[in-house]
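Have the model open while you read.

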Amino acid sequence: MMKNKTYLSIAILFFVAHISVAQSVFGKWKTIDDRNGNEKAIINVYEKNGKMYGEIVKIVDPKRRNAVCEKCEGDLKNAPILGLHIIKNAEKTDKNEYKGKYLFDPEQAMTFRCKIWLDPEDSDKLKVRGYLAFIYRTQTWIRVKE
């Protein structure tokens with residue numbers, strides 16, 4: 001009887017651990033263009049010093065893999081899109097969201113304020129909202145299963 005309780009406890013522990021990992025905002029996400037539905041890139045969203053960052057680790061379209069930031073200015077002018085950080089220093093809020101002042105769109109060469117959160121109905125979808133004044137756009141990114 002005691003042995004069965006031990007196995008059950010271990011099984012519950014692994015189940016809970018699996019759920020908590022599956023519900024993290026951190027990991028790899030496939031970006032989907034909200035205008036045309038095309039897959040664009042894989043972003044590695046990670047935590048560093050308690051803040052959220054996101055780096056482009058793959059460009060889906062083989063023809064765009066060597067793309068550079070043509071419209072960018074300064075240090076980013078003609079910088080490779082691959083390896084570019086598009087999220088920097090986003091902070092976690094009390095509402096289980098991340099907010100920040102740096103969500104970079106290399107196609108437009110524009111930086112937006114952002115709010116990022118897991119879809120409450122599907123933890124394999126990440127909502128990424130960029131703000132410019134009172135105007136905003138929200139994309140849904142899809143978790144990459146590894």
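**Notes on salt bridges and cysteines**

1. Start with Arg143 and Asp124, whose side chains come together in a salt bridge at 2.8 Å, N to O. The two residues sit in distant parts of the chain, 19 residues apart: Arg143 belongs to strand β8 (residues 135-143) and Asp124 to strand β7 (residues 122-132). Strands here are DSSP runs of E, at least two residues long, numbered from the N terminus. By salt bridge I mean a side-chain nitrogen of Lys or Arg within 4 Å of a carboxyl oxygen of Asp or Glu.

2. A word on what you're looking at: this is a predicted model, where local features need pLDDT of at least 70 and side-chain atom pairs count only at pLDDT 80 or more, while totals for chains, interfaces and linings use all residues. Numbering runs from 1 along each chain as its sequence is written, and side-chain values use heavy atoms, with hydrogens and water left out.

3. Is Arg143 buried or exposed? Arg143 is buried, with a relative accessible area of 14%, whereas Asp124 is partly exposed at 22%. The cut-offs are under 20% relative accessible area for buried and over 50% for exposed, with partly exposed in between (1.4 Å probe, protein chains only).

4. How many salt bridges turn up in the whole structure? The search finds seven. As background, side chains of opposite charge can pair when their charged atoms come close.

5. Another of these pairs is Lys30 with Glu39, where the closest N and O atoms are 3.4 Å apart. Lys30 is partly exposed, at 25% relative accessible area, and Glu39 is partly exposed too, at 42%.

6. Next, look at Lys40 and Asp33, a salt bridge with its closest N and O atoms 3.8 Å apart. Lys40 counts as partly exposed at 26% relative accessibility, but Asp33 is buried at 11%. This pair is also part of a network of salt bridges that links Asp33, Lys40 and Glu107.

7. On to the cysteines. The whole-structure search finds one disulfide, that is, a pair of cysteine sulfur atoms within 2.5 Å. The bond joins Cys69 to Cys72, with an S to S distance of 1.6 Å. Its torsion about the S-S bond is about 40°, so the disulfide is right-handed. Both Cys69 and Cys72 are buried.

8. One more cysteine to check while you're there: Cys114 counts as buried, at 3% relative accessibility.

Conventions
Helix = DSSP H or I, 4+ residues; strand = E, 2+ residues; numbered from the N terminus.
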